[in-house]
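Please keep the sequence and the three-dimensional view at hand while reading.

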Amino acid sequence: MLSLKAIKYAVPTVTFVLAAFSAQANEVVKIGVAGPLTGAEAHLGKDVENGARLAIEDLNHQGVVIAGTKVTFELVSEDDQGDPKTAVQVAQRLVDEGVKGVVGHLSSGPTIAASRIYASAGIPQVATAATNPLYTSQGFPTTFRLMANDHQQGATLGAFAQKLAGKGVVAIVDDRTAYGQGLADEVAKYLDVHHVPVADREYTNEQAVEFSSILTKIKGASPTVIVYGGADAQAGPMVRRMKTLGINAAFIGGDAVCTGNWDTLSSGAAEGQYCTEAGAPHSAMPKYGEFQDRFQKAYGKIVAFAPYSYDAVMILAKAMQDANSTDPKVYLHALAKEKYDGITGHIQFTPTGDNANGTVVVYKMVKGELTPVTQ
(Lines give C-alpha, C1' and ligand atoms only; values in the text may rest on other atoms or scores of the structure.)
Protein backbone atom coordinates (compact mmCIF):
# COMPACT_ATOMS: atom_id res chain seq x y z
CA MET A 1 0.00 0.00 0.00
CA LEU A 2 1.32 3.42 -1.00
CA SER A 3 1.90 6.02 1.66
CA LEU A 4 0.43 9.49 1.28
CA LYS A 5 3.95 10.73 0.56
CA ALA A 6 4.36 8.20 -2.27
CA ILE A 7 1.01 9.15 -3.75
CA LYS A 8 1.99 12.81 -3.59
CA TYR A 9 4.94 12.18 -5.88
CA ALA A 10 3.29 9.51 -8.04
CA VAL A 11 0.46 11.70 -9.31
CA PRO A 12 2.64 14.29 -11.08
CA THR A 13 4.53 11.41 -12.74
CA VAL A 14 1.27 10.04 -14.16
CA THR A 15 0.30 13.53 -15.28
CA PHE A 16 3.65 13.90 -17.04
CA VAL A 17 3.21 10.59 -18.85
CA LEU A 18 -0.29 11.59 -20.01
CA ALA A 19 1.01 14.93 -21.26
CA ALA A 20 3.78 13.21 -23.17
CA PHE A 21 1.27 10.78 -24.69
CA SER A 22 -0.98 13.69 -25.69
CA ALA A 23 1.91 15.42 -27.45
CA GLN A 24 2.49 12.25 -29.47
CA ALA A 25 -1.19 11.86 -30.42
CA ASN A 26 -1.63 11.27 -34.12
CA GLU A 27 -4.44 12.18 -36.52
CA VAL A 28 -4.84 10.32 -39.80
CA VAL A 29 -5.92 12.66 -42.60
CA LYS A 30 -7.17 10.92 -45.72
CA ILE A 31 -6.69 12.55 -49.11
CA GLY A 32 -8.63 11.07 -52.02
CA VAL A 33 -7.30 10.74 -55.54
CA ALA A 34 -9.51 9.60 -58.40
CA GLY A 35 -8.95 8.90 -62.08
CA PRO A 36 -8.80 6.13 -64.66
CA LEU A 37 -6.60 3.32 -63.34
CA THR A 38 -7.92 0.85 -65.92
CA GLY A 39 -8.72 1.28 -69.60
CA ALA A 40 -7.10 3.32 -72.37
CA GLU A 41 -6.21 6.28 -70.11
CA ALA A 42 -4.88 4.21 -67.21
CA HIS A 43 -1.32 5.45 -67.79
CA LEU A 44 -2.53 9.02 -67.22
CA GLY A 45 -4.52 8.09 -64.12
CA LYS A 46 -1.60 6.18 -62.66
CA ASP A 47 0.65 9.16 -63.31
CA VAL A 48 -1.71 11.36 -61.27
CA GLU A 49 -1.93 8.75 -58.51
CA ASN A 50 1.85 8.44 -58.25
CA GLY A 51 2.37 12.20 -58.13
CA ALA A 52 -0.10 12.41 -55.25
CA ARG A 53 1.55 9.44 -53.52
CA LEU A 54 4.97 11.10 -53.63
CA ALA A 55 3.47 14.23 -52.05
CA ILE A 56 1.93 12.15 -49.26
CA GLU A 57 5.30 10.51 -48.60
CA ASP A 58 7.02 13.90 -48.45
CA LEU A 59 4.42 15.32 -46.06
CA ASN A 60 4.73 12.38 -43.71
CA HIS A 61 8.51 12.67 -43.81
CA GLN A 62 8.18 16.33 -42.80
CA GLY A 63 6.14 15.45 -39.72
CA VAL A 64 3.31 17.97 -40.15
CA VAL A 65 1.64 19.24 -36.97
CA ILE A 66 -1.79 20.87 -37.15
CA ALA A 67 -3.59 22.30 -34.10
CA GLY A 68 -0.94 20.75 -31.85
CA THR A 69 -1.45 17.26 -33.24
CA LYS A 70 0.94 15.34 -35.45
CA VAL A 71 -0.77 14.47 -38.71
CA THR A 72 -0.23 11.36 -40.82
CA PHE A 73 -1.55 11.71 -44.35
CA GLU A 74 -3.04 8.69 -46.10
CA LEU A 75 -3.84 8.40 -49.80
CA VAL A 76 -7.16 6.79 -50.73
CA SER A 77 -7.14 5.97 -54.44
CA GLU A 78 -10.18 5.13 -56.56
CA ASP A 79 -10.57 4.06 -60.19
CA ASP A 80 -13.31 5.97 -62.02
CA GLN A 81 -12.47 4.21 -65.34
CA GLY A 82 -12.67 7.61 -67.04
CA ASP A 83 -16.46 7.32 -66.90
CA PRO A 84 -18.70 10.10 -65.49
CA LYS A 85 -21.26 7.67 -64.03
CA THR A 86 -18.56 5.65 -62.30
CA ALA A 87 -16.98 8.90 -61.12
CA VAL A 88 -20.16 9.76 -59.19
CA GLN A 89 -20.03 6.38 -57.42
CA VAL A 90 -16.32 6.83 -56.71
CA ALA A 91 -16.92 10.32 -55.31
CA GLN A 92 -19.54 9.02 -52.92
CA ARG A 93 -17.18 6.26 -51.75
CA LEU A 94 -14.47 8.82 -51.05
CA VAL A 95 -16.92 10.97 -49.10
CA ASP A 96 -18.08 7.95 -47.12
CA GLU A 97 -14.43 7.05 -46.48
CA GLY A 98 -14.02 10.41 -44.75
CA VAL A 99 -11.47 12.05 -47.02
CA LYS A 100 -10.59 15.65 -46.16
CA GLY A 101 -9.79 16.69 -49.72
CA VAL A 102 -9.74 15.24 -53.23
CA VAL A 103 -7.23 15.37 -56.07
CA GLY A 104 -8.89 14.74 -59.45
CA HIS A 105 -10.57 13.45 -61.34
CA LEU A 106 -8.58 13.36 -64.60
CA SER A 107 -10.67 14.38 -67.61
CA SER A 108 -13.45 16.94 -67.52
CA GLY A 109 -16.46 14.62 -67.78
CA PRO A 110 -15.76 12.60 -64.63
CA THR A 111 -14.45 15.69 -62.82
CA ILE A 112 -17.63 17.68 -63.47
CA ALA A 113 -19.89 14.73 -62.64
CA ALA A 114 -18.15 14.10 -59.32
CA SER A 115 -17.93 17.77 -58.32
CA ARG A 116 -21.54 17.95 -57.14
CA ILE A 117 -20.96 15.09 -54.67
CA TYR A 118 -17.91 16.80 -53.17
CA ALA A 119 -19.68 20.15 -53.09
CA SER A 120 -22.63 18.66 -51.19
CA ALA A 121 -20.20 17.24 -48.63
CA GLY A 122 -18.19 20.48 -48.43
CA ILE A 123 -14.98 18.72 -49.48
CA PRO A 124 -12.41 20.69 -51.55
CA GLN A 125 -11.62 19.19 -54.95
CA VAL A 126 -8.46 20.19 -56.82
CA ALA A 127 -8.49 19.13 -60.49
CA THR A 128 -5.11 18.43 -62.03
CA ALA A 129 -6.03 18.16 -65.71
CA ALA A 130 -9.74 18.90 -66.25
CA THR A 131 -9.93 21.99 -68.44
CA ASN A 132 -13.63 22.36 -69.34
CA PRO A 133 -14.75 25.82 -68.08
CA LEU A 134 -18.01 24.36 -66.74
CA TYR A 135 -16.15 22.69 -63.87
CA THR A 136 -15.40 25.96 -62.07
CA SER A 137 -18.42 27.91 -63.33
CA GLN A 138 -21.06 25.85 -61.52
CA GLY A 139 -20.99 28.07 -58.45
CA PHE A 140 -19.48 25.46 -56.12
CA PRO A 141 -17.00 26.92 -53.60
CA THR A 142 -15.21 23.55 -53.47
CA THR A 143 -13.92 23.40 -57.07
CA PHE A 144 -10.33 24.37 -57.88
CA ARG A 145 -8.19 23.88 -60.98
CA LEU A 146 -4.41 23.94 -61.48
CA MET A 147 -4.31 24.12 -65.29
CA ALA A 148 -5.49 26.77 -67.71
CA ASN A 149 -9.05 26.16 -68.89
CA ASP A 150 -10.38 25.45 -72.37
CA HIS A 151 -11.18 29.10 -73.08
CA GLN A 152 -7.45 29.76 -72.86
CA GLN A 153 -6.29 26.49 -74.41
CA GLY A 154 -8.88 26.55 -77.19
CA ALA A 155 -7.82 30.04 -78.21
CA THR A 156 -4.17 28.95 -78.30
CA LEU A 157 -5.01 25.84 -80.32
CA GLY A 158 -7.12 27.91 -82.69
CA ALA A 159 -4.48 30.59 -83.15
CA PHE A 160 -1.75 28.05 -83.84
CA ALA A 161 -4.00 26.10 -86.22
CA GLN A 162 -4.69 29.37 -88.05
CA LYS A 163 -0.96 30.01 -88.30
CA LEU A 164 -0.27 26.50 -89.61
CA ALA A 165 -3.19 26.60 -92.06
CA GLY A 166 -2.17 29.82 -93.76
CA LYS A 167 -4.65 30.11 -96.63
CA GLY A 168 -5.70 26.48 -96.26
CA VAL A 169 -8.57 24.89 -94.37
CA VAL A 170 -8.89 23.11 -91.02
CA ALA A 171 -10.60 19.85 -90.02
CA ILE A 172 -11.68 19.17 -86.43
CA VAL A 173 -12.13 15.81 -84.71
CA ASP A 174 -13.17 15.15 -81.11
CA ASP A 175 -13.97 12.15 -78.92
CA ARG A 176 -17.39 13.38 -77.75
CA THR A 177 -16.29 13.58 -74.10
CA ALA A 178 -16.83 16.72 -72.03
CA TYR A 179 -13.12 17.39 -72.34
CA GLY A 180 -12.56 16.58 -76.00
CA GLN A 181 -15.73 18.12 -77.40
CA GLY A 182 -15.47 21.13 -75.09
CA LEU A 183 -11.95 21.85 -76.29
CA ALA A 184 -12.88 21.31 -79.94
CA ASP A 185 -15.86 23.65 -79.57
CA GLU A 186 -13.57 26.38 -78.24
CA VAL A 187 -11.26 25.91 -81.23
CA ALA A 188 -14.23 26.07 -83.61
CA LYS A 189 -15.40 29.31 -81.99
CA TYR A 190 -11.97 30.88 -82.38
CA LEU A 191 -11.67 29.83 -86.03
CA ASP A 192 -15.16 31.15 -86.80
CA VAL A 193 -14.42 34.55 -85.25
CA HIS A 194 -11.17 34.78 -87.20
CA HIS A 195 -12.77 33.61 -90.46
CA VAL A 196 -10.67 30.47 -90.79
CA PRO A 197 -12.63 27.91 -92.85
CA VAL A 198 -13.40 24.54 -91.21
CA ALA A 199 -13.77 22.05 -94.04
CA ASP A 200 -14.94 19.09 -91.93
CA ARG A 201 -15.82 18.15 -88.38
CA GLU A 202 -15.83 14.50 -87.35
CA TYR A 203 -16.45 12.57 -84.14
CA THR A 204 -14.97 9.45 -82.62
CA ASN A 205 -15.02 8.05 -79.05
CA GLU A 206 -12.52 7.56 -76.26
CA GLN A 207 -12.35 3.80 -76.82
CA ALA A 208 -11.70 3.90 -80.57
CA VAL A 209 -8.53 2.44 -82.09
CA GLU A 210 -9.37 2.56 -85.81
CA PHE A 211 -9.84 5.85 -87.67
CA SER A 212 -9.80 4.91 -91.37
CA SER A 213 -13.41 5.94 -92.00
CA ILE A 214 -13.29 9.47 -90.56
CA LEU A 215 -9.80 10.13 -91.88
CA THR A 216 -10.84 9.08 -95.37
CA LYS A 217 -13.68 11.62 -95.21
CA ILE A 218 -11.27 14.26 -93.94
CA LYS A 219 -8.76 13.48 -96.68
CA GLY A 220 -11.43 14.33 -99.24
CA ALA A 221 -11.67 17.84 -97.77
CA SER A 222 -7.89 18.37 -98.27
CA PRO A 223 -7.26 20.12 -94.92
CA THR A 224 -3.95 21.77 -94.13
CA VAL A 225 -4.44 21.18 -90.41
CA ILE A 226 -6.31 18.61 -88.31
CA VAL A 227 -7.20 19.62 -84.75
CA TYR A 228 -8.04 16.84 -82.30
CA GLY A 229 -9.89 17.11 -79.00
CA GLY A 230 -9.21 13.95 -77.01
CA ALA A 231 -6.44 11.88 -75.43
CA ASP A 232 -3.13 10.38 -76.56
CA ALA A 233 -4.61 6.87 -76.65
CA GLN A 234 -6.54 7.91 -79.78
CA ALA A 235 -4.15 10.58 -81.09
CA GLY A 236 -1.36 7.99 -81.34
CA PRO A 237 -3.06 5.58 -83.76
CA MET A 238 -4.79 8.53 -85.46
CA VAL A 239 -1.55 10.17 -86.66
CA ARG A 240 -0.21 6.72 -87.54
CA ARG A 241 -3.24 6.12 -89.76
CA MET A 242 -2.89 9.61 -91.27
CA LYS A 243 0.56 8.61 -92.42
CA THR A 244 -0.54 5.35 -94.05
CA LEU A 245 -3.41 7.14 -95.81
CA GLY A 246 -1.05 9.75 -97.19
CA ILE A 247 -2.62 12.67 -95.31
CA ASN A 248 0.08 15.33 -95.09
CA ALA A 249 -1.87 17.78 -92.91
CA ALA A 250 -0.33 19.12 -89.73
CA PHE A 251 -1.89 17.61 -86.59
CA ILE A 252 -2.39 19.43 -83.29
CA GLY A 253 -4.04 18.15 -80.12
CA GLY A 254 -4.67 19.39 -76.59
CA ASP A 255 -3.01 18.62 -73.26
CA ALA A 256 -4.31 15.03 -73.02
CA VAL A 257 -2.39 14.37 -76.24
CA CYS A 258 0.70 16.19 -74.99
CA THR A 259 2.12 13.32 -72.95
CA GLY A 260 5.35 11.37 -72.74
CA ASN A 261 3.53 8.38 -74.25
CA TRP A 262 2.24 10.00 -77.46
CA ASP A 263 5.33 9.18 -79.52
CA THR A 264 5.22 5.52 -78.43
CA LEU A 265 1.47 5.22 -78.99
CA SER A 266 1.94 6.58 -82.52
CA SER A 267 4.90 4.28 -83.30
CA GLY A 268 6.86 7.41 -84.15
CA ALA A 269 4.23 8.90 -86.49
CA ALA A 270 3.76 11.87 -84.15
CA GLU A 271 7.18 13.16 -85.20
CA GLY A 272 6.88 16.76 -86.38
CA GLN A 273 3.32 17.11 -85.08
CA TYR A 274 1.99 19.44 -82.38
CA CYS A 275 0.09 19.57 -79.12
CA THR A 276 -0.69 22.12 -76.43
CA GLU A 277 -0.11 21.85 -72.70
CA ALA A 278 -2.26 23.86 -70.31
CA GLY A 279 0.68 24.59 -68.06
CA ALA A 280 4.16 26.08 -68.12
CA PRO A 281 6.97 24.24 -69.96
CA HIS A 282 9.22 22.16 -67.74
CA SER A 283 12.10 24.56 -68.46
CA ALA A 284 10.06 27.30 -66.76
CA MET A 285 9.48 25.18 -63.63
CA PRO A 286 12.49 25.81 -61.34
CA LYS A 287 11.73 22.77 -59.19
CA TYR A 288 10.93 20.34 -62.00
CA GLY A 289 14.38 18.78 -62.41
CA GLU A 290 14.68 17.73 -58.77
CA PHE A 291 11.09 16.47 -58.76
CA GLN A 292 11.65 14.49 -61.94
CA ASP A 293 14.71 12.76 -60.50
CA ARG A 294 12.90 11.72 -57.34
CA PHE A 295 9.78 10.65 -59.21
CA GLN A 296 11.70 8.51 -61.69
CA LYS A 297 13.54 6.70 -58.91
CA ALA A 298 10.24 5.83 -57.26
CA TYR A 299 7.79 5.39 -60.14
CA GLY A 300 9.58 5.68 -63.48
CA LYS A 301 9.04 8.22 -66.26
CA ILE A 302 6.61 11.11 -65.75
CA VAL A 303 3.79 10.77 -68.27
CA ALA A 304 2.20 14.21 -67.95
CA PHE A 305 0.27 15.21 -64.85
CA ALA A 306 2.29 13.94 -61.86
CA PRO A 307 3.69 17.42 -61.01
CA TYR A 308 0.13 18.76 -60.88
CA SER A 309 -1.19 16.05 -58.58
CA TYR A 310 1.86 16.54 -56.35
CA ASP A 311 1.11 20.26 -56.12
CA ALA A 312 -2.60 19.55 -55.53
CA VAL A 313 -1.84 17.46 -52.44
CA MET A 314 0.67 20.00 -51.19
CA ILE A 315 -1.66 22.97 -51.55
CA LEU A 316 -4.42 21.10 -49.70
CA ALA A 317 -1.99 20.37 -46.85
CA LYS A 318 -0.72 23.96 -46.80
CA ALA A 319 -4.28 25.29 -46.52
CA MET A 320 -4.89 22.95 -43.58
CA GLN A 321 -1.75 24.23 -41.88
CA ASP A 322 -2.61 27.87 -42.54
CA ALA A 323 -6.15 27.37 -41.21
CA ASN A 324 -4.78 25.26 -38.32
CA SER A 325 -7.50 22.72 -39.05
CA THR A 326 -8.05 19.58 -41.10
CA ASP A 327 -11.81 20.19 -41.19
CA PRO A 328 -12.70 20.80 -44.86
CA LYS A 329 -15.33 23.39 -43.99
CA VAL A 330 -12.70 25.35 -42.04
CA TYR A 331 -9.64 25.11 -44.27
CA LEU A 332 -11.67 25.62 -47.49
CA HIS A 333 -11.55 29.39 -46.90
CA ALA A 334 -7.77 29.30 -46.55
CA LEU A 335 -7.47 27.24 -49.75
CA ALA A 336 -9.41 29.81 -51.76
CA LYS A 337 -6.89 32.50 -50.70
CA GLU A 338 -3.80 30.28 -50.86
CA LYS A 339 -0.59 31.35 -52.58
CA TYR A 340 1.78 28.49 -53.21
CA ASP A 341 5.01 28.06 -55.13
CA GLY A 342 4.87 24.49 -56.35
CA ILE A 343 6.58 22.28 -58.90
CA THR A 344 4.31 23.67 -61.63
CA GLY A 345 4.89 27.30 -60.67
CA HIS A 346 3.10 29.93 -58.60
CA ILE A 347 -0.46 28.89 -57.80
CA GLN A 348 -3.14 31.38 -56.83
CA PHE A 349 -6.84 30.92 -57.40
CA THR A 350 -9.35 33.29 -58.97
CA PRO A 351 -12.74 33.77 -57.25
CA THR A 352 -14.13 30.90 -59.35
CA GLY A 353 -11.27 28.54 -58.44
CA ASP A 354 -9.25 28.71 -61.65
CA ASN A 355 -5.48 29.13 -61.52
CA ALA A 356 -4.83 32.84 -61.95
CA ASN A 357 -1.43 32.01 -63.45
CA GLY A 358 -2.54 29.38 -65.95
CA THR A 359 -0.47 29.33 -69.15
CA VAL A 360 -0.69 27.38 -72.41
CA VAL A 361 2.32 26.16 -74.37
CA VAL A 362 2.53 24.69 -77.88
CA TYR A 363 4.89 21.72 -78.26
CA LYS A 364 6.32 19.98 -81.31
CA MET A 365 7.44 16.36 -81.32
CA VAL A 366 11.12 16.44 -82.23
CA LYS A 367 13.11 13.18 -82.24
CA GLY A 368 10.59 11.60 -79.90
CA GLU A 369 10.63 14.47 -77.40
CA LEU A 370 8.09 17.25 -76.86
CA THR A 371 9.84 20.54 -77.53
CA PRO A 372 8.26 23.94 -76.65
CA VAL A 373 7.47 26.07 -79.69
CA THR A 374 5.60 29.03 -78.24
CA GLN A 375 3.86 30.14 -75.06
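How many cavities of 30 Å³ or more does the structure hold? The structure, which is a predicted model, holds two cavities of 30 Å³ or more.

The largest cavity has a volume of about 110 Å³. Its lining consists of 14 residues. Among them, Glu41, Leu106, Ser107, Tyr179 and Ala256 lie nearest the centre of this cavity.

The largest pocket has a volume of about 430 Å³. The lining of this pocket is made of 24 residues, and the closest to its centre are Gly260, His282, Tyr288, Val303 and Leu370.

Strands of a sheet pair through backbone hydrogen bonds, and they do so either parallel or antiparallel. In this model, six strands make up an open sheet in the order β2-β3-β1-β4-β5-β6, and the pairing is mixed. Its edge strands are β2 (65-66) and β6 (143-145), each of which pairs on one side only. Within the sheet, β4 (residues 101-104) and β5 (residues 125-127) run parallel and are joined by two bridges. Val102 has Gln125 of β5 as its bridge partner.

Which helices lie across strands of this sheet? Helix α3 (residues 84-97) lies across β1 (26-35), β3 (69-79) and β4, and runs at about 155° to β3. Helix α11 (residues 306-323) lies across β1, β2, β3, β4 and β5, and runs at about 160° to β4.

## The hairpin of β12 and β13

Strands β12 and β13 form a hairpin, with two residues between them. The two strands run antiparallel, and four bridges join β12 to β13 (residues 345-348). In a regular strand, the side chains alternate between the two faces of the sheet.

Tyr340 belongs to strand β12, and its bridge partner in β13 is Ile347. Is Tyr340 buried or exposed? Tyr340 counts as buried because its relative accessibility is 14%, which is under the limit of 20%. Leaving aside neighbours within four places in sequence, Tyr340 is in contact with Asp311, Met314, Ile315, Lys318, Gly345, His346 and Ile347. The C-alpha atom of Val187, by contrast, is separated from that of Tyr340 by 31 Å, and the two residues are 153 residues apart along the chain.

## The disulfide

A disulfide is a covalent bond between the sulfur atoms of two cysteines. The structure holds one disulfide, which joins Cys258 to Cys275 with an S to S distance of 2.1 Å. This pair links distant parts of the chain, 17 residues apart: Cys258 is in the loop between β10 (250-253) and α9 (262-265), and Cys275 is in strand β11 (residues 274-277). The link of Cys258 and Cys275 is right-handed, with 60° about the S-S bond.

Cys258 counts as buried because its relative accessibility is 4%. Cys275 also counts as buried, with a relative accessibility of 0%.

## Backbone details

Most residues other than glycine have a negative phi, and most peptide bonds are trans. Where does the model hold a cis peptide bond? The peptide bond from Gly104 to His105 is cis, with omega near 5°. His105 lies in the loop between β4 and α4 (108-121).

Ser222 has a positive phi, near 50°, and is a residue other than glycine. Ser222 is found in the loop between α7 (212-220) and β9 (225-229), and is exposed, with a relative accessible area of 56%. Lys367 is not a glycine either, and has a positive phi of about 50°. Lys367 is placed in the loop between β14 and β15, and counts as exposed because its relative accessibility is 76%.

Notes. Residues are numbered from 1 along each chain as its sequence is written. This is a predicted model: local features need pLDDT of at least 70, side-chain atom pairs count only at pLDDT 80 or more; totals for chains, interfaces and linings use all residues. Side-chain values use heavy atoms; hydrogens and water are left out. A disulfide is a pair of cysteine sulfur atoms within 2.5 Å. Buried means under 20% relative accessible area, exposed over 50%, partly exposed in between (1.4 Å probe, protein chains only). Two strands pair if DSSP finds at least two bridges between them. Contact means heavy atoms within 4.5 Å. Axes are lines fitted to C-alpha atoms, for helices over the stretch in contact, and angles run from 0 to 180 degrees between N-to-C directions. On a 1 Å grid over the protein atoms alone, a cavity is a set of points where a 1.4 Å probe fits but cannot get out, and a pocket is an open set with protein on both sides within 12 Å along at least five of seven lines; lining residues have an atom within 4 Å of a point. Grid points are joined across faces, edges and corners, and a volume is the space filled by probe spheres set on the points.
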